[in-house]
Amino acid sequence: MTTATTIGLLEALPPQARERLTQLGREVSFPAGARIFEEGQRADRFWIIHTGSVSLDLHVPGRQAAVLESLGHGDLLGWSWLFPPYSWHLGAQAQSPVRAVEYDATIVRALCEADPAFGRAVSRRVAEIVAHRLLQTRTRLLDLYGPAGSATAR
């Protein structure tokens, strides 16, 4: 969930960039249990969650998918849309009914190219979110598959 250390995309953008991005979104909803995207599929959109929760999971051959993180209010769902080859690195499933704002990645990327200040603001915040999630994923994978206590030992 969004905390002081994981401020959402919109909250981190300067007011003008936030306004531009907000104008591009459209409200969507997903029922509980819906697969929002699958690992390896084309990443052509992203969402900011308003209500509900979404789990991010990783395909593990021969096992059930490993849930790496749960996202909720204010969280960015999807970052693979910003980085080539624009395919999802994880899967996502609605854990409860979800309401979110959806953004067309092609339009947002074009706006990032056309307005370098906007592009830097969006890219920087998405990169910060990715870095935070990679650290959380590392910890979660160590919890799931590493020796006892390895997630906290350094």
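Modeller: Buried means under 20% relative accessible area, exposed over 50%, and partly exposed in between, with a 1.4 Å probe and protein chains only. This is a predicted model, in which local features need pLDDT of at least 70 and side-chain atom pairs count only at pLDDT 80 or more, while totals for chains, interfaces and linings use all residues. Residues are numbered from 1 along each chain as its sequence is written, and side-chain values use heavy atoms, with hydrogens and water left out.

Biologist: Where does Tyr 86 lie, and what is its phi?

Modeller: Helices (H or I, at least four residues) and strands (E, at least two) are DSSP runs, numbered from the N terminus. Tyr 86 lies in the loop between β6 and β7. Its phi is near 60 degrees, a positive value in a residue other than glycine. Pro 85 is found in that loop too, and a cis peptide bond with omega of about 10 degrees joins Pro 84 and Pro 85.

Biologist: In what order do the strands of the open sheet stand?

Modeller: Two strands pair if DSSP finds at least two bridges between them. Here four strands form an open sheet in the order β1-β8-β3-β6, with antiparallel pairing. The edges are β1 (26-30) and β6 (76-77); each has a single partner strand, so one side of each is left without a neighbour in the sheet. Strand β3 (residues 45-51) pairs with β8 over six bridges, and Phe 46 stands opposite Tyr 103 in β8.

Biologist: Which strands does helix α2 touch?

Modeller: Contact means heavy atoms within 4.5 Å. Axes are lines fitted to C-alpha atoms, for helices over the stretch in contact, and angles run from 0 to 180 degrees between N-to-C directions. Helix α2 (residues 15-24) packs on the sheet and touches β1, β3 and β8, its direction making about 105 degrees with that of β8. Helix α3 (residues 105-114) also packs on the sheet, touching β3 and β8, and its direction makes about 50 degrees with that of β8.

Biologist: Which residues of α3 are buried, and why do they count as one side?

Modeller: An α-helix has 3.6 residues a turn, so residues three or four places apart point the same way. In α3, the buried residues are Ala 105, Val 108, Arg 109, Leu 111 and Cys 112. They lie on the same side of α3 because they cover an arc of only 160 degrees around the axis, the arc being that of the directions from the helix axis to the C-beta atoms. The face turned away from the buried side carries the exposed residues Glu 113 and Ala 114; Ala 114 counts as exposed at 64% relative accessibility.

Biologist: Is Glu 102 buried or exposed, and with which side chain does it make a polar contact?

Modeller: A polar contact is a pair of N or O atoms within 3.5 Å; within protein, one must be able to donate a hydrogen and the other to accept it, and residues adjacent in sequence count only if both atoms are side-chain atoms. Glu 102, found in strand β8 (residues 98-104), is buried, with a relative accessible area of 9%. Its side chain makes a polar contact with the side chain of Trp 47 (2.9 Å).
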